[in-house]
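Colleague: Before I rely on the labels attached to this model, I would like each one set against its criterion. Could you take me through them in turn?

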Amino acid sequence: TYYLSQIEAHNSKLNAFLEVYAEEALEKAVLVDQKLQSGTAGELAGLVIGIKDLLCYENHRSYAGSKILDTFKSTFSATAVQRLLDQDAIVIGRQNCDEFGMGSTNENSAYGPVLNFKNTAHVAGGSSGGSAVAVQANMCHISLGTDTGGSIRMPAAFCGVAGLKPTYGRVSRWGLIAYASSFDTIGPMARQVDDLALVLKYISGADGQDSTVVSPNEFKKKKPTSGKRIAYIKEMAEHPSLQLDIKKAFFERLEQMKLKGYEVVGVDFPFVEALLPTYYVLTTAEASSNLSRFDGVKFGHRTEVPTKDLLDMYKKTRDEAFGEEVKRRIMLGTFVLSADYYDAYYTKAQKVRRLIKEFTQSLLQEYDFLVSPTTSSTAYRLGEKTLDPLQMYLGDLFTVQANVAGLPAISIPMGVDAQSLPMGFQIMADVFQEEAILNLATELV
Ligand code: GLN
């Protein structure tokens with residue numbers, strides 16, 4: 001009831017939840033209570049979670065923040081959601097996000113922007129903005145978000161909470177409405193790092209529905225090291241787009257780590273400029289393919305305007321119901337996949353992805369962690385970036401590397417800037433090194 005009262009008090013302004021399952025959650029709470037008394041309750045008994053609108057939950061709506069899926073109800077639950085339910089967690093509601101996860105500020109939702117609880121003139125960050133604000137404003141204990149290029153970490157940083165993007169292949173994507181399948185991950189957001197670890201434990205692991213997931217005993221064991229060697233990419237830490245307060249806080253963090261006995265080294269990374277182009281070429285290509293399933297026939301919205309034939313129906317439906325950013329990405333993706341440009345863009349980006357991945361992993365052979373600020377600035381004012389998509393994409397500079405390389409990364413709070421807006425500190429490590437990341441994060445917060 002505490003969380004419900006917080007939702008009651010703040011949600012109409014913040015717009016973090018699109019739907020609240022109040023009655024259902026209360027009924028479940030009574031049941032869980034009985035189970036607790038009879039000693040049959042699951043390990044997460046009574047844990048109140050919210051789920052991003054991109055995740056399916058049996059017999060509940062999932063709109064992916066889009067008009068094209070309004071009226072869509074899922075017949076099954078995402079594996080990650082189901083595993084939490086199996087441990088008696090309680091789902092309190094469905095959280096607002098950028099349409100299909102495409103955005104960095106949660107202003108691309110067809111259901112309106114999410115406002116930052118710290119200062120409501122500012123954005124929440126995206127695309128898991130509703131999930132971040134729900135935790136920030138204590139409207140639930142934990143949120144499940146998704147991260148394709150920073151969508152967990154960026155809003156976590158903007159809202160002053162913690163968010164973990166797991167290794168690609170650690171958490172099943174079954175039941176996650178796909179944006180860019182080779183980048184998409186599901187992960188937890190919370191106020192406490194411990195809670196991230198708790199949830200990760202249950203949502204991880206092999207699943208017959210997603211062949212890319214690896215079971216825990218296959219997780220690569222890292223060669224034994226001191227666990228104390230930390231690298232940061234010089235070009236990123238000195239990047240001209242970096243807000244001065246953030247740069248200062250970041251270097252102060254590094255100094256603190258040195259005092260604690262960590263070895264901190266600035267390293268070169270020759271692909272900084274290639275990160276965003278590689279990410280946006282490949283994700284738009286995958287998105288254009290994934291989103292072809294929304295045609296007015298199989299799910300959700302269909303145009304009511306009279307149409308000439310099937311093709312016309314597809315066109316009118318998609319034209320009416322996809323937002324501007326989604327259309328932009330479908331067009332970009334279709335372009336980079338088109339016969340004449342495929343090799344110049346798509347194939348090339350695949351090759352560069354391989355280089356980025358190999359170089360990043362070689363750094364992580366030598367160092368235990370790669371750290372950076374999570375974002376180059378604190379939360380933008382509402383509307384500040386919406387007119388210029390390229391400016392918007394630039395904001396993802398620090399987060400996309402983990403997705404391009406498939407690596408785990410966390411964002412934890414790093415104090416506030418001169419305007420009292422939260423800043424984020426990012427820690428990345430080699431594949432399946434979440435435990436090491438979480439341990440270091442616990443030490444730093
Ligand atoms: N801002 C990035 C994008 O729009 C990240 C989105 C995400 O991680 N879902 O692609």
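Colleague: Why is Ala110 called partly exposed?

Modeller: Its relative accessibility is 32%, and the classes are buried under 20% relative accessible area, exposed over 50% and partly exposed in between, with a 1.4 Å probe and protein chains only; Ala110 therefore counts as partly exposed. Ala110 sits in the loop between S3 and H4, where helices (H or I, at least four residues) and strands (E, at least two) are DSSP runs numbered from the N terminus. This is a predicted model, in which local features need pLDDT of at least 70 and side-chain atom pairs count only at pLDDT 80 or more, whereas totals for chains, interfaces and linings use all residues. Residues are numbered from 1 along each chain as its sequence is written, and side-chain values use heavy atoms, with hydrogens and water left out.

Colleague: Which residues is Ala110 in contact with, beyond its neighbours within four places in sequence?

Modeller: Contact means heavy atoms within 4.5 Å, and with those neighbours set aside Ala110 touches Gly65, Ser66 and Lys67. Tyr63 is 47 residues from Ala110 in sequence, and their C-alpha atoms are 9.4 Å apart in space.

Colleague: How do you know that the side chain of Ser104 makes a polar contact with that of Asp396?

Modeller: A polar contact is a pair of N or O atoms within 3.5 Å; within protein, one must be able to donate a hydrogen and the other to accept it, and residues adjacent in sequence count only if both atoms are side-chain atoms. The side chains of Ser104 and Asp396 make such a contact at 2.9 Å.

Colleague: What polar atoms lie by the ligand's nitrogen and oxygen atoms?

Modeller: For oxygen atoms of the ligand, a polar backbone atom of Gly103 is 2.9 Å away and one of Gly149 is 2.6 Å away, while a nitrogen atom of the ligand has a polar side-chain atom of Ser127 at 3.5 Å. There are 15 residues around the ligand, and Thr148, Gly149, Ser151, Tyr179 and Tyr279 come nearest, a residue being near if one of its heavy atoms lies within 4 Å.

Colleague: How do you know that the length of H11 agrees with that of a helix?

Modeller: The expected span is 1.5 Å times one less than the number of residues; for the 14 residues of H11 (residues 324–337) this should be 20 Å, and because the end C-alpha atoms are 20 Å apart, the two agree. Its buried residues are Glu325, Val326, Arg329, Ile330, Gly333 and Val336. Seen down the axis of H11, those buried residues fall within an arc of 135°, so they line one face of the helix, the arc being that of the directions from the helix axis to the C-beta atoms. Glu324 and Met331, on the other side of H11, are exposed.

Colleague: Why is S7 called largely enclosed?

Modeller: Four of the five residues of S7 (residues 229–233) are buried, so the strand is largely enclosed by the rest of the structure. Strands pair if DSSP finds at least two bridges between them; S7 has five bridges to the parallel strand S8 (residues 263–267) and three to S9 (residues 369–373), also parallel.
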